[in-house]
Amino acid sequence: MASGVPFDETQLVAAHRTLKLGQDVIVKCLATSQSIMVRIMDRGPWHNQRIIDLSEAAARAIGLEGIGEVEISVL
């Protein structure tokens, strides 16, 4: 990952284009209303319509499968 730490899909991490590496954010899945805190550890996503990429563990924790609408709050 851009942070220099190897990627581990079991960790609560995410990728964002501009937020500071190591920044904690709250991600809320709009479909389930569940939230989780993740740490920005990588850069991306590079698809124009996406604002954040979550690890598999983080996505699963908020009931998100594949692509979905989320809201993020910087801590």
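A residue is called buried under 20% relative accessible area, exposed over 50%, and partly exposed in between, with a 1.4 Å probe and protein chains only. By that scale, Glu 56 is partly exposed, with a relative accessible area of 43%. The structure is a predicted model, in which local features need pLDDT of at least 70 and side-chain atom pairs count only at pLDDT 80 or more, while totals for chains, interfaces and linings use all residues. Residues are numbered from 1 along each chain as its sequence is written, and side-chain values use heavy atoms, leaving out hydrogens and water.

**Sheet**

- Five strands form an open sheet with mixed pairing, in the order E4-E1-E3-E2-E5.
- The strands at the edges are E4 (53-54) and E5 (70-74), each of which pairs on one side only.
- Strands (E, at least two residues) and helices (H or I, at least four residues) are DSSP runs, numbered from the N terminus.
- Two strands are taken to pair if DSSP finds at least two bridges between them.

**Strand pairings**

- Strand E1 (residues 13-15) pairs with E4 in the antiparallel sense over two bridges; within this pairing, Leu 54 in E4 is the bridge partner of Ala 14.
- Strands E2 and E3 run antiparallel and are joined by five bridges, with Lys 28 opposite Ser 35 in E3.
- E2 and E3 form a hairpin with five residues between them, and Ser 33 in the turn has a positive phi of about 65°.
- E2 also pairs with E5 in the antiparallel sense, over five bridges, and here Val 25 stands opposite Val 74 in E5.

**Salt bridges**

- The whole structure holds two salt bridges, a salt bridge being a side-chain nitrogen of Lys or Arg within 4 Å of a carboxyl oxygen of Asp or Glu.
- One of them joins the side chains of Asp 24 and Arg 39, at 2.8 Å from N to O.
- This pair links distant parts of the chain, 15 residues apart: Asp 24 lies in strand E2 (residues 24-29) and Arg 39 in strand E3 (residues 35-42).
- Arg 39 has a relative accessible area of 39% and is therefore partly exposed.
- Another salt bridge is formed by Glu 56 and Arg 60, whose closest N and O atoms are 2.9 Å apart.
- Both Glu 56 and Arg 60 belong to helix H1 (residues 56-61), where they are four residues apart, about one turn of the helix.
- Arg 60 counts as exposed because its relative accessibility is 55%.
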